Amino acid sequence: MSSIEITKDTYLMWYESMLLMRRFEEKTGQLYGQQKIRGFCHLYIGQEAVLAGAMSVLRREDGMITAYRDHAHAIAKGTAPKAVMAEMYGKATGCSKGKGGSMHMFDKENNFYGGHGIVGGQIPLGAGVAFAEKFKGTDNVCVTYMGDGAVRQGALNETFNMAALWNLPVIFICENNGYAMGTSVARTTKETDIYKLGLPYGIPSSPVDGMDPVAVHNAMDEAVQRARNGEGPTFLEMRTYRYKGHSMSDPQKYRTKDEVESYKAKDPIEVVKLAIEEKGYADEKWFEEIAAKIKGIVDESVQFSEESPWPDASELYTDVYVQNDYPYIRD
């Protein structure tokens, strides 16, 4: 059981945060269709409980890093929705100054370290963030998210080995939505229980119902306690599902409509709403007020992005790492 009690406020926070993620991503899909947002775009619709359950355990000081399905992660970590939307528009007011776009959100103020387009590239970086926290003597943790396709990268095994050896305060989370792009987990591995990949390294590892924020909260709380107490990493396989394709260009021919509908039947937002109603935590008026509030936030993010300026051409030369006296370059 969790050491952090799940209260009325927890349930209300879960519902509001998940609904914001959902409505924001739905609007993102619409804007992509209107070519307001360009490039690659990966929606998080269906997976919201993975973040909601984690955020009721984590602190603002804790780090977070993820792959390129990252809009909701940035918002959950505290980045203003309008800064996320402006980033997708490519505007100067975006959280990465319009230079990263959909796949490369970054917000140092809220300890959100991306948004990474290289499959699995964020896994060793997440361990590096955790190493820095341990080196500085804090009790902060770093939550490192990845997809089920990324666990096939060799970097995962190297990172697991070092993280376990050095007892790093990192929680590795595989958001297993069943498909790496259009390839099912069963077609990529003999062992479909992904969490077992952590066991040979002595890392406590377990599967979690990623459609249930209560299950996510409890699993995360245990993992975070271990990390803060200097007991090392944890690997959690969050079994979740995305209702949309891998990206906006995905025709989704690799799964059936019945499969998608079976997961929608246990939609985490509806499950939490039902729990709130059954526990008497809120009435219909509250749900209507929250819906209106979130619509306002999403509409504001669009207006802000539409009215924001494009980056100046001079921005091509800023935020680029340069060491003028680098000793290993010879003319």
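Helix 4 (residues 81-89) is mostly covered, with eight of its nine residues buried (under 20% relative accessible area with a 1.4 Å probe and protein chains only; exposed is over 50%, partly exposed in between). Helices (H or I, at least four residues) and strands (E, at least two) are DSSP runs numbered from the N terminus. The model is predicted: local features need pLDDT of at least 70 and side-chain atom pairs count only at pLDDT 80 or more, while totals for chains, interfaces and linings use all residues. Residues are numbered from 1 along each chain as its sequence is written, and side-chain values use heavy atoms, with hydrogens and water left out.

The buried residues of helix 4 are Pro81, Ala83, Val84, Met85, Ala86, Glu87, Met88 and Tyr89. Their cover includes helix 1, helix 3 (71-77) and helix 10 (284-307), where contact means heavy atoms within 4.5 Å. Glycine 90 follows helix 4 and has a positive phi, near 80 degrees.

Helix 1 (residues 8-33) also packs against helix 7 (residues 213-228), at an angle of about 110 degrees and with the axes 11 Å apart. Axes are lines fitted to C-alpha atoms, for helices over the stretch in contact, and angles run from 0 to 180 degrees between N-to-C directions. The two helices, helix 1 and helix 7, are therefore roughly perpendicular to each other (65 to 115 degrees; under 35 is roughly parallel, over 145 roughly antiparallel and the rest oblique). In this contact, Tyr11, Trp14 and Met18 of helix 1 meet Pro213, Val214 and His217 of helix 7. Five of the contact residues are nonpolar, one is polar and none is charged (Ala, Val, Leu, Ile, Met, Phe, Trp, Tyr, Cys and Pro count as nonpolar, Asp, Glu, Lys and Arg as charged, and the others, Gly among them, as polar).

An open sheet is formed by five strands in the order 1-2-3-7-6, with parallel pairing (two strands pair if DSSP finds at least two bridges between them). Strand 1 (63-65) and strand 6 (205-209) are the edge strands, each pairing on one side only. Neighbouring strands of the sheet are turned by 20 degrees against each other on average, direction ignored. Strand 6 pairs with strand 7 (residues 234-239) in the parallel sense over five bridges, and serine 205 stands opposite phenylalanine 235 in strand 7.

Helix 5 (residues 122-136) lies across strand 1, strand 2 (142-147) and strand 3 (170-176), and runs at about 175 degrees to strand 2. Helix 6 (residues 154-165) lies across strand 2, strand 3 and strand 7, at about 150 degrees to strand 3.
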